[in-house]
Amino acid sequence: MSTFLHDRVQVGDELTMSVPYGDVVLDDGGRPVVFVSAGIGVTPMAGMISHLVAAGSHLRVTLLHADTNERSFPLRRQLADDLARLPESALHVWYEDGSGSELPVTGAHAGMMDLSAIELPDNAVYYLCGPIPFMQAMRGALLGRGVGVRDIQYEVFGPDLWQADTD
């Protein structure tokens, strides 16, 4: 969306927009939380993690993030700082270009995200956000590891074209 706005929208253009919203609601009922994101899909995860920090949460929080490299990882400093303030938190990153990480991470992995490379907490709630093919692959991997369908929530992070169709 930001590329579209930057490249095509001019001063004086009129846009129809909706308020931000989503279907994912953070479950803070005491179960471990695992956020699984790719690219800009980390944005709603960052908000939920910041909320947990502000609330003084003691939930076990794990962030799994995939990106091209560390420079393209949005909000990386904020997330690393927030996770450092949560007890028992973990941050695993996967970089397509195989570069390492300067962030304080639990694990830095090369290539595409591979959930078999890490141990997942028992009885966790999972939140997915990123490109739809990524989310489909991660959901399939989680189901394959025995995670229940009800324990996987996802956010399609993009324009909701139905909302724009309110003429």
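**Reading the model**

Reply: F4 is partly exposed, with a relative accessible area of 38%, where buried means under 20% relative accessible area, exposed over 50% and partly exposed in between, using a 1.4 Å probe and protein chains only. This is a predicted model, in which local features need pLDDT of at least 70 and side-chain atom pairs count only at pLDDT 80 or more, while totals for chains, interfaces and linings use all residues. Residues are numbered from 1 along each chain as its sequence is written, and side-chain values use heavy atoms, with hydrogens and water left out.

Me: ok, and where is F4 found?

Reply: F4 is found in helix 1, residues 2–8, where helices are DSSP runs of H or I with at least four residues, strands are runs of E with at least two, and both are numbered from the N terminus.

Me: how many helices and strands in the protein chain?

Reply: The protein chain has four helices and six strands, and from the N terminus on the elements run α-β-α-β-α-β-β-β-α-β. Of the 167 residues in the protein chain, 38% are buried.

Me: which residues of helix 3 are buried?

Reply: In helix 3, residues 76–84, the buried residues are L79, A80, D82 and L83. They lie on the same side of helix 3 because they cover an arc of only 165° around the axis, the arc being that of the directions from the helix axis to the C-beta atoms.

Me: what's on the face turned away, and what do the buried ones pack against?

Reply: The face of helix 3 turned away from its buried side carries the exposed residues D81 and A84. The buried residues of helix 3 pack against helix 2 (42–54), strand 2 (61–67) and strand 3 (90–95), with contact meaning heavy atoms within 4.5 Å.

Me: so which residues are buried in helix 2?

Reply: The buried residues of helix 2 are V42, M45, A46, M48, I49, L52 and V53, and what covers them includes strand 1 (33–38), strand 2, helix 3 and strand 5 (125–129). Just after helix 2, G56 takes a positive phi of about 70°.

Me: switching topic: is T62 buried or exposed, and what is it in contact with?

Reply: T62 is buried, with a relative accessible area of 7%, and its place is in strand 2. Leaving aside its neighbours within four places in sequence, T62 is in contact with V33, V34, F35 and A90.
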